[in-house]
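Dear colleague,

Please find below the structure that I am handing over to you. My notes on what was found in it follow.

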Amino acid sequence: MFNSLNLNILSEIILTDPKIDCYHIVDLLNINEGDCILVSSSLSRLFHLEKEHRGVKPDIHQFIESFTNKITENGTLLFPTYNWGFCRGETYDYLKTPAETGALANEALKHPGFKRTKHPIYSFAVWGKGQEELCKLENISSFGADSPFGYLHKHHGKNLVIDVSLTHSFTFVHYVEELTKFPHYRYHKFFNADYIDEFGNKSHREYSMLVRDLDLEVTNVLEPIEQEFIDTDVTQKTIINGIPFSLINLCASAEAIKKDIYHNRSRKICTYKGQYDD
């Protein structure tokens with residue numbers, strides 16, 4: 001339908017052409033049949049503008065299906081359905097615990113074609129080719145090589161980020177931090193709570209997560225690496241209907257993040273006490 005290489009031109013078209021709606025945004029992005037796509041999003045502004053322009057509330061299921069139709073069953077679509085209640089000792093119910101990551105994630109959980117991965121903290125709603133493999137994963141570590149983040153890396157995944165900064169959405173960075181054998185400003189922390197599986201069986205389980213060292217006052221700040229991604233074409237960024245869309249090549253991003261951790265004291269991804277000491 002459109003040449004995805006002409007993103008700046010297309011941004012102007014979608015601002016002025018009333019025939020293009022939110023269900024065709026995927027056609028303006030470098031997303032193709034067979035792709036493995038993770039969508040991180042805030043849809044409030046996008047859907048508000050759509051309703052304001054057309055007078056009807058957008059159908060979130062139709063929006064989801066615009067992506068499944070684009071990548072087809074040869075591709076894999078993931079939405080983050082994270083919930084941190086397990087870290088607070090709350091019982092995790094595979095079928096009932098909601099996502100804390102927005103409306104799109106919770107709608108994906110209701111969609112009959114999606115299935116949830118097993119980790120009680122960092123789970124994903126998954127559709128398509130990789131669903132069975134991803135939903136069989138038994139990873140204990142949130143960000144380990146055997147987690148869905150590792151799957152995304154292995155399968156040359158792309159992360160589509162809609163109207164939210166990388167600092168507040170790019171969880172893949174923690175997978176890379178763990179891959180580098182734990183920067184000294186993070187450490188593994190274990191959490192225990194009850195877990196109810198998809199068959200209703202209840203057990204007490206333990207899972208881990210790479211967390212910040214609070215004594216070092218660690219703060220995630222990804223704007224510098226985000227700009228590097230754009231400058232080096234790791235990220236394709238465009239503005240559609242006034243909304244920023246960033247499509248990130250996760251394999252390439254992993255290499256850039258590893259380089260920053262190994263050779264730049266992680267200055268492009270976070271700040272911490274002592275980071276600039278000689």
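His-174 has its place in helix H7. Please bear in mind throughout that this is a predicted model. The relative accessible area of His-174 is 11%, which is under the 20% cut-off, so the residue counts as buried. When its neighbours within four places in sequence are left aside, His-174 is in contact with Phe-143, Arg-186, Leu-210 and Asn-220.

One of these contacts, Arg-186, also takes part in a salt bridge: its side chain meets that of Glu-177 at 2.8 Å, N to O. Glu-177 and Arg-186 are both buried.

**The largest pocket**

The largest pocket has a volume of about 680 Å³. Its lining comprises 32 residues, and those closest to the centre are Trp-84, Tyr-122, Thr-171, His-174 and Asn-220. By class, the lining consists of 20 nonpolar, nine polar and three charged residues. At least two lining residues come from each of the following elements: E1, strand E2 (76-80), helix H4 (103-110), helix H7 (172-179), strand E7 (186-196) and strand E8 (202-212).

**Helix H4**

Helix H4, one of the elements that supply the pocket lining, has Leu-104, Ala-105, Glu-107 and Ala-108 as its buried residues. Viewed down the axis of H4, these residues fall within an arc of 165°, and they therefore line one face of the helix. They pack against E1, helix H3 (60-71), E2 and strand E5 (124-128). On the face of H4 turned away from the buried side are the exposed residues Ala-103 and Lys-110.

**Salt bridges**

A search of the whole structure finds 15 salt bridges. Besides the pair formed by Glu-177 and Arg-186, two further pairs may be of interest to you.

In one of them, the side chains of Lys-158 and Asp-35 meet at 3.0 Å, N to O. This pair links distant parts of the chain, as the two residues are 123 residues apart: Lys-158 belongs to strand E6 (residues 158-162), while Asp-35 is in the loop between helix H1 (7-16) and strand E1 (36-41). Lys-158 is buried, with a relative accessible area of 16%, and Asp-35 is likewise buried, at 14%.

In the other, Glu-255 and Lys-258 form a salt bridge through their side chains, at 3.0 Å, N to O. Both residues lie in helix H9 (residues 250-263), three residues apart, which is about one turn of the helix. Glu-255 is partly exposed, with a relative accessible area of 46%.

**Two residues with positive phi**

Which values of phi deserve a look in the loops? Asp-163 has phi near 60°, a positive value in a residue other than glycine. Asp-163 is placed in the loop between E6 and H7 and is buried, with a relative accessible area of 16%.

Ser-266 also has a positive phi, near 60°, and is likewise a residue other than glycine. Ser-266 is found in the loop between H9 and strand E12 (270-271). With a relative accessible area of 1%, Ser-266 is buried.

Yours sincerely

Key
Residues numbered from 1 in each chain as written. Predicted model: local features only at pLDDT ≥ 70, side-chain atom pairs only at ≥ 80, totals over all residues. Heavy atoms only, no water. Salt bridge = Lys/Arg side-chain N within 4 Å of Asp/Glu carboxyl O. Helix = DSSP H or I, 4+ residues; strand = E, 2+ residues; numbered from the N terminus. Buried < 20%, exposed > 50% of the residue type's maximum accessible area, 1.4 Å probe, protein only. 1 Å grid on protein atoms, 1.4 Å probe; cavity = no way out; pocket = protein on both sides within 12 Å on 5 of 7 lines; lining within 4 Å. Points joined across faces, edges and corners; volume = space filled by probe spheres on them. Nonpolar A, V, L, I, M, F, W, Y, C, P; charged D, E, K, R; others polar. Arc of directions from axis to C-beta. Contact = heavy atoms within 4.5 Å.
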